[in-house]
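Try each task before reading its solution.

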Amino acid sequence: MAVDYLYSLGHRHIGYLDPDAYEIRMPHAKKRHQGFLDAMADHGLVVEDKWIFPFEERAALYRQIFSGTAPSALVINKSDYAHILMKEAYEKEILIPKDISLIAANDRPFNPFLMPPLSAVEIPLEQLGARAAELLLHTITNSESSEPL
């Protein structure tokens, strides 16, 4: 969804900010990263290795912005990381979205109130939780059954 949105805005050079070293091992982080790669392929866009940034190495992103070699947009694994990036960009006088556009996963209620507002993909946590509860109840009540979900 994030790549689709950026593509619709005309971005063709899109990078990705992975989470920190601890969180990158989590299944959801791996799925988001793979989703980014899949979406780029769906649009026929090349994924440049130099535009995949581990969170701890975001200084490389800033160097690319200042040298004019950065992607035009960045998909960020989650909003929490985007907030840190936006603060650091402000301190470094990097203008969002003029110098680089951002979009993150995990929408937060205050994202629209940031300056500039942060675009984010909403993760339907309430729906995911309800579905997880349904699956759990189904498993508990049908533990003797081999009936598929």
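This is a predicted model: local features need pLDDT of at least 70, side-chain atom pairs count only at pLDDT 80 or more; totals for chains, interfaces and linings use all residues.

**Exercise 1.** Find which residues of helix H3 (residues 59-67) are buried, and work out how they are placed around the axis.

*Solution.* 
- Step 1: Apply the cut-off for buried, under 20% relative accessible area. In H3, Leu61, Tyr62, Gln64 and Ile65 are buried.
- Step 2: Look down the axis. These residues cover an arc of only 160°, so they sit on the same side of H3.
- Step 3: Recall the helix geometry. An α-helix has 3.6 residues a turn, so residues three or four places apart point the same way.
- Step 4: Turn to the other side of H3, where Arg63 and Phe66 are exposed.

**Exercise 2.** Identify what covers the buried residues of H3, and then see what follows the helix.

*Solution.* 
- Step 1: The cover includes strand E2 (52-53), strand E3 (73-76) and helix H4 (79-91).
- Step 2: After H3 comes Gly68, with a positive phi near 80°.

**Exercise 3.** Trace the largest nonpolar core and one of its residues, Leu74.

*Solution.* 
- Step 1: This core has 20 residues; those touching the most other members are Leu17, Leu61, Leu74, Ile76, Leu85, Ile100 and Leu102.
- Step 2: At least two residues come from each of H3, E3, H4 and strand E4 (101-105). H4 gives the largest share, five residues.
- Step 3: Beyond neighbours within four places in sequence, the contacts of Leu74 include Tyr16, Leu17, Phe53, Leu61, Leu85 and Ile103.
- Step 4: Another core, of 13 residues, lies apart from the largest one, and Ala2, Val3, Phe36 and Ala73 are among its members.

Conventions
Residues are numbered from 1 along each chain as its sequence is written. Side-chain values use heavy atoms; hydrogens and water are left out. Buried means under 20% relative accessible area, exposed over 50%, partly exposed in between (1.4 Å probe, protein chains only). Helices (H or I, at least four residues) and strands (E, at least two) are DSSP runs, numbered from the N terminus. The arc is that of the directions from the helix axis to the C-beta atoms. Contact means heavy atoms within 4.5 Å. A nonpolar core is a set of buried Ala, Val, Leu, Ile, Met, Phe, Trp, Tyr and Cys residues joined through side-chain atoms within 4.5 Å.
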